[in-house]
Amino acid sequence: MRALGRIATPRAAGLSVAVLTGYGLAAVLGGLAITVFALLLAAGDDAQSPPPYAYICRVLGFTLWQAFLSTLLSLLAAILMTRALARQAQFPGRMLLLRLCALPMVMPTIVGIFGVVAVYGGSGYLALVADAVGIDWQPRLYGLAGILIAHVFFNLPLAIRLLLPAFASVPAESWRLAAQLGMGSRDIFRIIEIPLLRQQLPGISIIIFMLCFTTFAVALTLGGGPRATTLEVAIYQALRFDFDLRLGAMLAILQVIFCAGGAWAVWRAGRQMVLGNTARLVAYRYDGRASRARLVDFSVIIFGAIFLTLPILALVQRGLAGMVAAASPASLLSAALVSLGLGLAGGLTATLIGYLIAQARQRALLQGRKRGAMLLGLAGRLGLFVSPMVIGTGIFLAATGSVDLYRIAAAGVILLSAVMALPFVLGVLEPALEVAAARHDRLCAALGLTGWNRFCHIDWPTLRRPIATALALSSVIAMGDLGAIALFGNQDMVNLTLLLYGQLGAYRLDGAASTALILLALALAFYWTIERVVGGRELH
Amino acid sequence: MSYIDIAGLQFTYEDLVMRFDLTVDEGEVMAIIGPSGAGKSTLLALIGGFEAAQAGSIAVGGEDITDLAPDARPVTTLFQDHNLFAHLSVAQNVGLGLHPGLRLSAEDRVAVAWALEQVGLTGFEDRLPGQLSGGERQRVAIARCILRKRPVLMLDEAFAALGPALRREMLQLVLSLKVRNNLTVLMVTHDPADAAFAADHTSFIADGQVVMSGDTATVLASTHPAIRDYLGT
């Protein structure tokens, strides 16, 4: 980590190597996207039959519909939960629940999917309860229902974490004022909470919509057939199974158009969204004291907590019970090692690229080149616009013929998962660098603190934690990513994610349960270790 | 029997155990001064009903209000910041004092206009708080306080963010409104000059206790070591 900062330090001296590298990397990313599309279009040029427009329309329609419903349900639930949590700042399990809300960020998607299956699937908890009570009912998880449940499970915590800071930002005086004026809960909702939501919801809903729109693992595992296929899954199928490059390219271009539109909308919504110190105590609210409000809030919180914890509990219980039926220790061990190796490599790559791009962006901001800064930020967020499947296939195509695909598989996975994790790295590092610059630039210039001295005494102590967070986050994202390994993986390179996907696909749920549990434990331990070891202790 | 009677009012914040005894006469202006962290604002929060006392009682006009909800108390508080909702117009912010759900009749609108006139902001109805100066925002909040028709007005460092001349002007306004509306005023301030200018009586609070309460001139001239330390004279 030291070398990484050293090259980035001499900010005072002209265009440093780090800044130039940052620009170079951003250019490479942008060029990569263009090349990929050129390759795809060229490769698909000799197709004879007209493109299957009906199929494309159906896929697009379903993708939009499920994303819309997922967003709607996640937001409705999040509004109820956040309001209840904000009103009951003294709720006993509040801290624990808020910690839990940070889990889906770290938990590999496929693990969460297994949890959902373990509760709502054919032999899940719900079916068992129905059976025990004597109701003749079979849950039908696969299809739209499963996708919606999984999406709400993943996005509700995110929405809560995005909304709660907004509630916390209401000054304590406002709640005192409301109490002094005798506002009831309906008045408070109309006069304080609705305006608050109206500010926050557009941005949050677009983010969740985009996440659900580009969903891969959820739709692939829970879609359960061609009727519930999303764009991303259709791209994967076209490229990996049908090798229909033209169709893949068309779908990919559609996706870029929608993602770019979405990103533009997020940018227009214009609010810097705060994800973070949600555990901070929200100001005391007098309207939470009434017994009716307490009853409503406590029911909402308990119901939401059950919805969010049950899949995790089911995962742990089934995982422990399934250890006997687990895959052979040897294959589990090798898959775990592959997971760790690919995760760490992907994370390091993403963090290094991210740090350089963020430094270059900071430099551009400093020189007042806003457009340059925006382009740099945008290039780093390539993974948000361009489907990883498309980038992966581009790497695939570019490499075909000249290189043995089998041998570059690992590099492909690492690169692809790094591109996917990069937006999250930038999300952590950009604001941290901005704050550090605003706080220290003038003082350092005044004291003549530059180069190695500045890095040692000023930059590393203050940036160490965000760098650690970025590395930990990108490593677990790379480790849990299904897209890259599904595209590049082969029988000799199986990580836990791919192993679990295979077991889920074959309905070997007991084995899947223990794989999922091991993957989750590994991801959490991984995250925690990196944050502690690299991040050091908290600075005050 | 005094108009406001606070007896053995107890509250614990972190390590500080506070216990207040204080009496205020009807129609007077009482300044509350003391070092920061002494419990001045906590005392107002207890009277306003924003904090619940652990023991003791508060009576206003002979009625015990210790257990009443904030809106049921015969008091209204003006805070230093955030007295207005930024997204509501001046008229709506003032109108909240009449109806907390903002269902205002034509009659109410007339009352709002009257209250704005009282604070010298005639015609400001449709402006938003963001378009006003700090002093004007506090005037709007005062207009709402008047409309609420509570006999006790509490200023919690309400003018601390304003410059000396403007602060004097606002205090002048409060004094004239006090006379017109027959109010009793409690004001927390960190500036003894405010007390000397506006208050009949002054209470000096330190470490969660009322150390001395009486004639403003007497308190400010007292030889009590805590008061001398605070005033630095």
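What percentage of the 540 residues in chain A is buried? Keep that in mind as you load the model, which is a predicted one. The answer is 48%: that is the share of chain A made up by buried residues.

**Stop one: the whole chain.** You will find 23 helices and zero strands. The radius of gyration is 24 Å, close to the 24 Å that the globule rule gives for 540 residues, so chain A is as compact as a globular protein of that length.

**Stop two: a helix pair.** Next, select residues 329-366 of chain A, which form helix 15, and then residues 370-380, which form helix 16. Their axes come within 8 Å and cross at roughly 165°. That makes helix 15 of chain A roughly antiparallel to helix 16 of chain A. Look at the handedness too: this crossing is left-handed.

**Stop three: the contact itself.** Show side chains on the helix 15 side for A:G354, A:I357, A:A360, A:R361, A:A364 and A:L365. Facing them from helix 16, pick A:G372, A:A373, A:L376, A:G377 and A:G380. Colour this contact by residue class and you get six nonpolar, four polar and one charged residues.

Technical notes
Residues numbered from 1 in each chain as written. Chains lettered and ligands numbered in written order. Predicted model: local features only at pLDDT ≥ 70, side-chain atom pairs only at ≥ 80, totals over all residues. Axes fitted to C-alpha atoms, helices over the stretch in contact; angles between N-to-C directions. Helix = DSSP H or I, 4+ residues; strand = E, 2+ residues; numbered from the N terminus. Parallel < 35°, antiparallel > 145°, perpendicular 65-115°, else oblique. Left-handed = near helix turned anticlockwise from the far one by under 90°. Contact = placed C-beta atoms within 7 Å. Nonpolar A, V, L, I, M, F, W, Y, C, P; charged D, E, K, R; others polar. Rg over C-alpha atoms; globule rule 2.2 N^0.38 Å. Buried ≥ 20, exposed ≤ 12 C-beta atoms within 10 Å, placed from the backbone.
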